[in-house]
Amino acid sequence: MELPNWDNRSWVTAGILNPAVVGATIVATAHMYEEQSQEPMPWELIYLSVPMVLHKDTRESLPTRIDSHAAKWISDTAAIQSSFAQRVSSMAAYTREGLRYALRSGALKLVEDGRLHGVPS
């Protein structure tokens, strides 16, 4: 999917899914991933994390404990997760745009094995 020119984006989309907001989401996610795992985040996870963080119902249903089991969370939130694959797909172009922005700004670094290191400001 190619993104529309900025002049053709609605103000809501331009405000919520602009490259700086999406990039900041990626940077924060990569930073928190690395804090918890002691390893930089695999780049592929950005395509899952952005729709999870920016979708209010999904974000609010995320487990609050780090030792929670993903399988239980998914089964407990089946209604929210049923549309997750579509959200990932529809947000992929915005995610790539945010990734490029974060890399260019220096807030996100590509490190060994294609992993990401977030440098929050």
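**View 1. Helices α3 and α7 lie roughly perpendicular to each other.** In this predicted model, local features need pLDDT of at least 70, side-chain atom pairs count only at pLDDT 80 or more, and totals for chains, interfaces and linings use all residues. Residues are numbered from 1 along each chain as its sequence is written, and side-chain values use heavy atoms, leaving out hydrogens and water. The axes of α3 and α7 are 8 Å apart, at an angle of about 105°; "roughly perpendicular" covers 65 to 115 degrees. Axes are lines fitted to C-alpha atoms over the stretch in contact, with angles from 0 to 180 degrees between N-to-C directions. Helices are DSSP runs (H or I, at least four residues), numbered from the N terminus.

**View 2. Here's where α3 meets α7.** Contact means heavy atoms within 4.5 Å. From α3, the residues taking part include I46, Y47 and L48, and from α7 they include F84, R87 and L99. By class, the contact has 12 nonpolar residues, one polar and two charged.

**View 3. Now for α2 and α3, whose crossing is right-handed.** Helix α2 (residues 19-37) and helix α3 (residues 46-54) have axes that come within 10 Å and cross at roughly 110°. That makes α2 roughly perpendicular to α3. On the α2 side you'll find V22, T25, I26 and T29, which meet I46, S49, V50, V53 and L54 in α3.

**View 4. Take a look around L108.** Leaving aside neighbours within four places in sequence, L108 touches I26, V27, A30, L99, A102, L103, L116, H117 and G118.

Technical notes. Helices (H or I, at least four residues) and strands (E, at least two) are DSSP runs, numbered from the N terminus. Angles under 35 degrees count as roughly parallel, over 145 as roughly antiparallel, 65 to 115 as roughly perpendicular and the rest as oblique. A crossing is left-handed if the near helix is turned anticlockwise from the far one by less than a right angle, and right-handed if clockwise. Ala, Val, Leu, Ile, Met, Phe, Trp, Tyr, Cys and Pro count as nonpolar, Asp, Glu, Lys and Arg as charged, and the others, Gly among them, as polar.
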